[in-house]
Amino acid sequence: MATAAEIAQALEEIAVLLELAGENPFKSRAYANAARLLRGFDGGVDQFLEQARAGQIKGVGEALVEKMADFQANGRSAYLDELRSGFPPGLLELLRVPGLGAKKVKALYEALHIASLADLETACRENRLLDLAGFGQKTQDNILAGIAQLREYSGRFLYSTARAQAEALLEHLRQTGAAQRLEVAGSLRRRRETVKDIDILATSKTPKKLMDAFVGHPDVRRVTGHGSTKSSVVLATGIAADLRVLDDSQFAAALVHFTGSKDHNIQLRALAKTQDRTLSEYGLFASEKPLRLRDEAAVYKALGLHFVPPELREGLDEIERAAAGEFPRLIEVSDLRGALHVHTNYSDGDLPLRRMAEATRARGWQYLGVCDHSQSAAYAGGMKPDDVKRQHEEIDRLNEELAPFRIFKGVEADILVDGALDYDEATLATFDFVIASVHSRFNLSEAEMTRRIVAAIENPFTTMVGHLTGRLLLSREGYAIDVPAVLEAAARHGAAIELNAHPYRLDLDWRWHRKATALGVPIPICPDAHKEEGLDDVAYGVGVARKGCLTADNVPNCWDVKKIAAFFARRKK
DNA sequence: GCCGTTTTCGGCCCGACTGTTTTCAGTCG
């Protein structure tokens with residue numbers, strides 16, 4: 001028995017392989033479409049197949065039902081296996097090179113037998129792409145640059161990936177019963193948006209037992225060190241992980257040492273030195289004698305500082321601030337009262353509106369701001385004015401039924417190239433709030449892009465700007481934009497700037513948060529969810545919001561229904 | 001591969017850019 005997710009994943013792989021095989025693109029799309037329908041289906045696989053057989057699921061016909069049933073019954077798909085056998089496995093990674101799609105990858109494979117990134121790089125260096133129809137010098141240069149970019153990023157991992165991996169390791173170590181204290185340190189604890197490795201600190205009376213469990217974890221692919229105080233491994237995902245086991249008396253200083261960035265630690269040690277003491281991973285020493293420090297707060301206190309939240313230990317101005325006073329209480333996930341920027345199957349979301357509303361309510365939140373794509377976003381099934389009307393009628397019905405839970409009528413409206421929003425004023429006026437986002441024409445000059453987005457902010461219907469720079473962590477740089485100019489425009493016009501919490505985005509970058517809050521620009525933390533689990537991505541947003549020193553007051557979706565409704569209404573006036 | 005009918009084939013979402021071409025294919029979102 002295969003799960004819906006497994007079947008959907010198989011369908012998605014079939015879709016990619018069909019593209020590579022040069023099949024009818026609509027055939028490929030049919031598989032991708034079926035995968036999406038299955039993921040969003042409200043019920044089990046059997047029920048899905050039953051309804052599809054009855055012709056009740058548009059887009060899933062006889063052939064798809066048969067292949068899905070095959071997978072469901074056998075746990076694998078003969079069709080997928082057959083497609084896979086037609087290509088070397090390394091071919092799929094070529095699709096990660098920017099500018100390379102199925103057609104080009106297929107041409108490279110057939111004409112030059114290129115079947116991996118290494119093959120491709122060699123062929124480019126030997127100028128072998130130049131003779132290939134449809135390829136030229138520019139293409140070859142761009143491919144080389146793309147490979148270099150992939151390589152540069154490949155040593156880093158998304159926070160979300162590393163966090164999940166770290167949790168699995170921690171759970172494994174806990175189960176040994178050999179750990180007294182157990183903490184993640186490093187950039188992961190600082191909640192950097194991308195991290196290089198996982199650092200775990202522990203105290204134990206039986207370190208060997210803990211070390212053996214660590215190197216024996218099923219995800220470990222390579223053990224690069226295995227000692228009594230430190231072990232290092234490389235995991236299946238490619239992430240390196242270290243475990244250090246310490247004496248309990250050293251734990252607090254070690255946690256400070258292995259959590260702080262290099263700059264933070266340098267500043268802390270310099271401060272200690274002015275007090276005729278030395279600070280190291282082993283403790284804070286006056287002469288030869290270590291001070292007794294129970295926890296991190298004690299370390300900072302001994303240095304004459306208020307506690308510095310781990311997320312802030314980047315070596316910016318946090319030590320100065322910790323000397324001057326306490327940090328404000330930073331935002332926590334439990335402060336959130338609602339979710340804004342959620343997609344449904346009115347555009348490219350998986351689930352019906354009702355399901356997303358119920359999922360939001362089930363998380364203890366009081367409201368949902370639904371924001372499907374606007375009409376120009378054809379690739380995402382953007383809403384035509386008729387769809388908007390239909391959605392608003394459904395929202396009205398649901399609001400009666402689900403009260404006091406509240407659904408706000410939002411939209412993620414494309415910012416067109418001239419800065420206009422993607423509907424006429426009459427349509428815009430029907431929304432409670434509008435997220436204005438750029439989804440096309442990324443390569444404007446910085447001045448043009450800034451003008452474009454500022455123009456959108458000047459539009460009184462714009463409540464906030466979505467994913468301001470369009471970046472995709474580890475894969476695409478954001479477009480050129482003058483962020484301070486945009487923040488100042490937002491401040492002038494009372495608009496907000498979204499913190500998109502999708503783990504690939506985390507955009508607005510935390511490095512701009514303090515500037516934004518200083519200007520009085522609110523920063524809602526938005527899941528940009530396309531399925532139920534996407535709602536939980538707000539946790540990633542909260543992590544970087546803490547790095548940006550945001551409090552619940554700065555984040556509109558921590559406000560209650562009344563206050564946020566007033567905020568929406570004020571902006572529209 | 002699906003769908004709907006001008007009912008068994010032809011269309012399926014689209015606009016723009018890039019790099020290759022000299023009118024367009026491939027890629028992207």
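A: The centres of domain 3 and domain 4, taken over C-alpha atoms, are separated by 39 Å. The model is a predicted one. Chain A is divided into domain 1 (4-153), domain 2 (157-246), domain 3 (251-324) and domain 4 (333-572). It has 24 helices and 18 strands. Along its principal axes the C-alpha trace spans about 80 × 60 × 50 Å. For its 573 residues, a compact globule would have a radius of gyration near 25 Å, and the value of 26 Å for chain A agrees with this.

An open sheet is built from 6 strands in the order β11-β12-β13-β14-β15-β16, with parallel pairing. β11 (338-342) and β16 (496-497) stand at its edges; each has a single partner strand, so one side of each is left without a neighbour in the sheet. Helix α17 (residues 353-362) packs on this sheet and touches β11, β12 (367-373) and β13. The direction of α17 makes about 145° with that of β12.

Further along the order, β13 (residues 406-414) and β14 (residues 433-437) pair in the parallel sense over 5 bridges. Within this pair, Gly 410 of β13 stands opposite Phe 433 in β14. Pro 404 is placed in the loop between α18 (385-402) and β13, and a cis peptide bond with omega of about 10° joins Ala 403 to Pro 404. Most peptide bonds, by contrast, are trans.

How does the other open sheet pair, and in what order do its strands lie? Its 5 strands follow the order β2-β4-β7-β6-β5, and the pairing is mixed. The edge positions are held by β2 (181-185) and β5 (220-226), each with a single partner strand, so one side of each has no neighbour in the sheet. From one strand to the next, the twist averages 20°. β6 (residues 230-235) and β7 (residues 240-246) run antiparallel and are joined by 5 bridges; Val 234 has Ala 240 in β7 as its bridge partner.

Helix α13 (residues 251-259) lies across β2, β4 and β7 and runs at about 175° to β4. The loop between α11 (186-189) and β3 (194-195) holds Arg 191, whose phi is positive, near 60°.

β8 (residues 277-280) and β9 (residues 283-286) pair in the antiparallel sense over 4 bridges, forming a hairpin with 2 residues between them. Here Ser 280 stands opposite Gly 283 in β9. β9 also pairs with β10 (residues 289-290), again in the antiparallel sense, over 2 bridges, and Phe 285 stands opposite Pro 290 in β10. This hairpin of β9 and β10 likewise has 2 residues between its strands, and Ser 287 takes a positive phi near 55° in it. Most residues other than glycine have a negative phi.

Helices α2 (25-39), α4 (62-74), α7 (102-112) and α9 (137-154) each supply at least two of the residues concerned, and α9 gives the most, with 4 residues.

Notes: Residues numbered from 1 in each chain as written. Chains lettered and ligands numbered in written order. Predicted model: local features only at pLDDT ≥ 70, side-chain atom pairs only at ≥ 80, totals over all residues. Domains from an automatic or database assignment. Pairing = 2+ DSSP bridges. Contact = placed C-beta atoms within 7 Å. Axes fitted to C-alpha atoms, helices over the stretch in contact; angles between N-to-C directions. Rg over C-alpha atoms; globule rule 2.2 N^0.38 Å.
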